[in-house]
Amino acid sequence: MGKGRLEAFSDGVLAIIITIMVLEIKAPEGATLVALKPLVPTLLAYVLSFVYVGIYWNNHHHLLQAATRVSGSVLWANLHLLFWLSLLPFSTRWMDDYHAQALPNAAYGVVLLAAALAYWLLQQRIIAAEGDRSTLKQMLAHDWKGRLSPILYLVGIGLSFVQAHLAQATYALVALLWLIPDRRIERRIG
C-alpha cells in the first residue's frame with residue numbers, strides 16, 4: 001500500500017473526530033451573551049481537543065511526508081493511533097460534563113498519553129520499515145517535545161486527583177508546546 005492511501009484514510013478519520021466533537025456542542029438556551037456563559041467550559045474543552053486533533057493531523061502529515069515505506073506494522077500502528085484519537089470526543093464530553101471531577105480529567109489525560117505513545121510507536125514502525133538508513137530516524141533524534149509530553153501528561157493525570165483545573169492547564173500547556181510545528185522534517189524534505 002502506498003502512503004497516500006494511509007494519509008487519506010487518516011485524514012478522513014480525523015475529520016470525523018472533529019465533526020463528532022462539534023456535534024456534541026448544544027446551542028445555548030437563549031439569544032444573549034448571558035446564555036452563552038454556561039457553555040464556556042464546553043467551548044474550552046472543544047477548543048483544546050480541536051487543537052490536539054489539529055496538532056496530530058499536522059504532525060502526521062509531516063511524518064508521512066518523510067516516510068518512504070509503509071509496511072503492515074505501520075498500518076497497524078497508524079490504526080492504533082487513530083483508535084486513541086477517536087476516544088477524544090468521548091473523553092472531551094466526559095471532562096466537559098464533570099469538569100471539576102478527578103476521574104474524567106484523568107481519563108482525558110490517559111487518552112492524550114496513549115495517543116502520544118501510539119504516535120511514538122508509529123514513528124518507530126516507520127523507521128523500522130525504512131531500515132538502518134532511515135532519514136526519519138536522524139530527523140527525530142533530538143525530539144525533546146516528544147519525550148517531555150508523556151511526562152507532562154502523567155503530571156496532569158496526577159493533578160486530576162489534586163485539582164482538576166491544574167490538570168486541564170497542564171494539558172493546555174502541552175498543546176501550546178506543539179502549536180509551533182516541528183520544522184526538522186520540513187527543512188530536511190524541503
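1. In this predicted model, the side chain of glutamate 130 makes a polar contact with the side chain of serine 134, at a distance of 2.8 Å. Glutamate 130 itself belongs to helix 6, which covers residues 102-130.

2. Although glutamate 130 is buried, it has no salt bridge.

3. When residues up to four places away in sequence are not counted, glutamate 130 touches Ala66, Ala67, Thr68 and Arg69, together with Thr135 and Leu136.

4. The largest pocket holds about 390 Å³ of space and is lined by 21 residues. Those that lie nearest its centre are Trp120, Gln123, Asp143, Gly146 and Arg147.

5. Phenylalanine 161 sits in the loop between helix 8 and helix 9, the latter formed by residues 164-179. Because its relative accessibility is 54%, phenylalanine 161 counts as exposed, the cut-off for that word being over 50%.

6. Leaving aside neighbours within four places in sequence, phenylalanine 161 is in contact with Ala102 and Ala106. Its C-alpha atom is separated by 19 Å from that of arginine 93, a residue 68 places from phenylalanine 161 along the chain.

Definitions and conventions: Residues numbered from 1 in each chain as written. Predicted model: local features only at pLDDT ≥ 70, side-chain atom pairs only at ≥ 80, totals over all residues. Heavy atoms only, no water. Helix = DSSP H or I, 4+ residues; strand = E, 2+ residues; numbered from the N terminus. Buried < 20%, exposed > 50% of the residue type's maximum accessible area, 1.4 Å probe, protein only. Lys, Arg positive; Asp, Glu negative; His and termini not counted. Salt bridge = Lys/Arg side-chain N within 4 Å of Asp/Glu carboxyl O. Polar contact = N/O pair within 3.5 Å; in protein donor to acceptor, adjacent residues only side chain to side chain. Contact = heavy atoms within 4.5 Å. 1 Å grid on protein atoms, 1.4 Å probe; cavity = no way out; pocket = protein on both sides within 12 Å on 5 of 7 lines; lining within 4 Å. Points joined across faces, edges and corners; volume = space filled by probe spheres on them.
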